[in-house]
Amino acid sequence: MNDLSITIRPEAAGDAQAIERLHERTFGPGRFVLSAYRIREHVDHLLDVSFTARIGTLLVGSVRQLPVTIGETPALLLGPLTVEPPFRSRGIGRMLMERALDEARDKGHRIVLLVGDEPYYSRVGFKLVPKGRITMPGPVDAARVLVFELADGAFEGVSGTVAPDWSKARG
């Protein structure tokens, strides 16, 4: 089982139910009270920068990104990123993240935020947001708010509250 043939592809609308079941198994019902989930209630993720990982036809991982603003600055919020437990520690999460970040850059996005473990996400280049630069709705541990610049200097001078990008809100 060491030589897994992983396929990373853009998320399709038909993947939604399988991804939701994956989120249920890996995050449980407590996920709905997290700050990042509160933002996701209002704006859909962007399919063109969200990806799935498959082994054959089996969905084993997913990463999503949705449009947000930091003050007036557009950004993406990465997450949730999840991999089925039996397939963790095989680089699938990293493959999903790298593909998502590359596609976001190619599509002209400049900043990606996430709430997560700095030791894990720093391996692909995420950095801790300096304390006091941004705020998120609800309780969030400031030591878990991370940023990735898709363009050099993109986060310079950016500050404010993270909110859904209301221009892309559901109708």
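Strands β4 and β5 (residues 111-115) pair in the parallel sense over 2 bridges; two strands count as paired if DSSP finds at least two bridges between them. Between these strands the chain passes through helix α3 (residues 92-106), and this β-α-β crossover is right-handed. Right-handed here means that, with the strands pointing away from the viewer, the path from the first strand over the helix to the second runs clockwise. The model is predicted: local features need pLDDT of at least 70 and side-chain atom pairs pLDDT 80 or more, while totals for chains, interfaces and linings use all residues. Residues are numbered from 1 along each chain as its sequence is written, and side-chain values use heavy atoms, with hydrogens and water left out.

**Overall make-up**

- The protein chain contains 4 helices and 9 strands; helices (H or I, at least four residues) and strands (E, at least two) are DSSP runs, numbered from the N terminus.
- Starting at the N terminus, the order of elements is β-α-α-β-β-β-α-β-α-β-β-β-β.
- Of the 171 residues in the protein chain, 44% are buried; buried means under 20% relative accessible area, exposed over 50%, and partly exposed in between (1.4 Å probe, protein chains only).
- Among contacts with a separation of 6 or more, 69% are between residues 24 or more positions apart, a contact being heavy atoms within 4.5 Å.

**Strand β4 and its neighbours**

- Strand β4 (residues 73-83) is largely enclosed by the rest of the structure, because 9 of its 11 residues are buried.
- Strand β3 (residues 58-70) runs antiparallel to β4, and 9 bridges join the two.
- β3 and β4 form a hairpin with 2 residues between them, and Gly-71 in the turn has a positive phi of about 65 degrees.
- Leu-76 of β4 stands opposite Pro-67, and its bridge partner in β5 is Val-112.

**Gln-65 in strand β3**

- Gln-65 belongs to strand β3 and is buried, with a relative accessible area of 0%.
- A polar atom of the Gln-65 side chain lies 2.8 Å from the backbone oxygen of Val-49.
- Leaving aside residues up to four places away in sequence, Gln-65 touches several residues, including Leu-76, Ala-100, Ala-104 and Val-112.

**Aromatic residues**

- The whole structure holds 3 aromatic pairs; rings of Phe, Tyr and Trp (its six-membered ring) pair if their centres lie within 6.5 Å, and planes under 30 degrees apart count as stacked, over 60 as edge-to-face and the rest as tilted.
- Tyr-120 and Tyr-121 form an edge-to-face pair, 4.9 Å centre to centre with 90 degrees between the planes.
- Tyr-120 is partly exposed at 29% relative accessibility, whereas Tyr-121 is buried at 12%.
- The rings of Phe-126 and Phe-148 are tilted, because their centres are 5.3 Å apart and their planes stand at 50 degrees.
- Phe-126 lies in the loop between α4 (118-121) and β6 (127-128) and Phe-148 in strand β8 (residues 145-149), so the pair ties together parts 22 residues apart in sequence.
- Phe-126 and Phe-148 are both buried, and together with Tyr-120 and Tyr-121 they form one aromatic cluster.

**An exposed loop residue**

- Asp-152 sits in the loop between β8 and β9 (160-164) and is exposed, with a relative accessible area of 81%.
- Asp-152 and Ile-111 are 41 residues apart in sequence and 9.8 Å apart in space, C-alpha to C-alpha.

How values were computed. Polar contact = N/O pair within 3.5 Å; in protein donor to acceptor, adjacent residues only side chain to side chain.
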